[in-house]
Amino acid sequence: MRNIVRTIGSWFLSTLRGMGHMFIFLMHSIYFIFIPPFKFNLLLKQIRFIGTKSMVVILLMGSFTGMVLALQIFHTLRKVGSEAMLGPAVALSLIRELGPVLCALTITGRAGSALTAEIGIMRITEQIDALISMALNPIRYLIVPTIVASIIVFPLLTAIFDVIGIYGGYFVGVKLLGLSSGTYFSQMEQFVDMLDIRIGIYKSVSFGLIVSWVCCYKGFYTGYGAEGVSKATTEAVVMSSVMILIWDYFLGSILL
Amino acid sequence: MIKIVDLEKSFDGQRVLKGVDLQISEKELMVIIGESGGGKSVLLKHLIGLVKPERGKIIIEGVDIIGLRGKEIDSIKEKLGVVFQGGALFDSLTVYENVAFPLKEKTKLSKGMIDERVLDALEDVGLGGMENKYPAEISGGMKKRVALARALITEPKIVLFDEPTTGLDPIILHHIHRLITATHKKYGFTGVMISHEIPEIFEVADRVAFLHDGAIVEVGTPEEIKNSSNPVVRQFITGSLEGPIEAF
């Protein structure tokens, strides 16, 4: 019994210590966002890496998500004779929920894992130590541009995801299933308001922060060797994905 | 110039440094030798400020660097150049960009001045014409030479070498040692080098310190170390399996 309590206590303390460490890392990073010199070149490089290079996969994910949504919702609405509501149903699902979440999960898989691996390899090959030995702050050089780039890029990619998704839904609903184009868009205009768009933006901004924070942290404090980097990468993707879903629920509860 | 006093460090309850005392004079090239896993790299990391000791002092130019933070420790680090074991070159930057990096970040030199200094530094280490290569495209020996050029580009007062010739063939090893000697003469830095390369290291060092069981057990000129009567030192420099040092 004593051993069980000791094990649980030890696990709890170590988890608490880990969370504290992560939080301090985030606070350090946020502090350096506002302290010059600002590294605009590194910021642009990260915007290109996280944003531009994720465009193709976001376009694919967005269009097929919208198409699947339209297909499923259309058949459900037809049972109650409300096919006209297809446009708002697709748009609201995408703007408020699926757009930010699926977009964040996609970027986590494509860019987040790569960021963890890159920073992790820099750690184990002493490149981060080299920065420190030159009196240069690695958080300013590696972490801050990534976090800022993510906060900028996530809402933009989410917006693209939503628009493409809505047009994917349009293609299935209007072109394939015979709904009129005017019904699809006019109902959407009536039911989607600014609050829905704001919710989507708040979510995507916070997901950008979560993904960049977790992925950078895991890479920065990676274990030894290739195994350490591989473990850090897996943990970063799993933890980011779980935190996205948990935070999505809490933010949704607060904002709705 | 550098004074290490009673330095102690443990990792997970295992004492790695048990009271290291060592003094390195200005413009001297001190080589620290000792068994693998004996704490040499940990000692060097203390000098860079990457590891904090549990006890002891590291005095660089009269300032105890232990406990210094922010701009105070940065001002000490600006006097250092470090050649890491694997080179620690930035993968995403070319050879030129790697060497130019400390100048671009820490000085206000014009692009023309930086170009001139970087190209000169690359010539000094025999890498003229390799500016546009990436670290992944050059050999291990070349990486070490780029790392040396990067460490020296700001003309630091102190240069720390963490096993700069590990894993290199004997010809490249001698070449790197010759480069270190030549640059030491040219720039007049104070050098601290961790190495296993016996007897080659005796050609490079002004003095040699032997780290054993977490403490410096002998310091002397290469000749004094070669003729040491200490059984631990004798066993290490002859590479004998018989003696106080257990291989496993």
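Q: Why is the pair A:Lys39 and B:Glu105 called a salt bridge?
A: The closest N and O atoms of A:Lys39 and B:Glu105 are 2.8 Å apart. A salt bridge requires a side-chain nitrogen of Lys or Arg within 4 Å of a carboxyl oxygen of Asp or Glu, and the pair therefore qualifies. The rule finds one salt bridge across the interface of chain B and chain A. This is a predicted model, in which local features need pLDDT of at least 70 and side-chain atom pairs count only at pLDDT 80 or more, while totals for chains, interfaces and linings use all residues. Residues are numbered from 1 along each chain as its sequence is written, chains are lettered from A in the order in which they are written, and side-chain values use heavy atoms, without hydrogens and water.

Q: What makes residues of chain B and chain A count as in contact?
A: Contact means heavy atoms within 4.5 Å. On that basis, 21 residues of chain B are in contact with 16 residues of chain A.

Q: Why is strand S9 of chain B described as mostly covered?
A: A residue is buried if its relative accessible area is under 20% (1.4 Å probe, protein chains only). Five of the six residues of S9(B), residues 207–212, are buried, so the strand is mostly covered.

Q: How do you know that S9(B) pairs with S10(B)?
A: Two strands pair if DSSP finds at least two bridges between them. Five bridges join S9(B) to S10(B) (residues 215–220), so the two antiparallel strands pair. Within this pairing, B:Ala209 stands opposite B:Val219.

Terms used. Buried means under 20% relative accessible area, exposed over 50%, partly exposed in between (1.4 Å probe, protein chains only). Helices (H or I, at least four residues) and strands (E, at least two) are DSSP runs, numbered from the N terminus.
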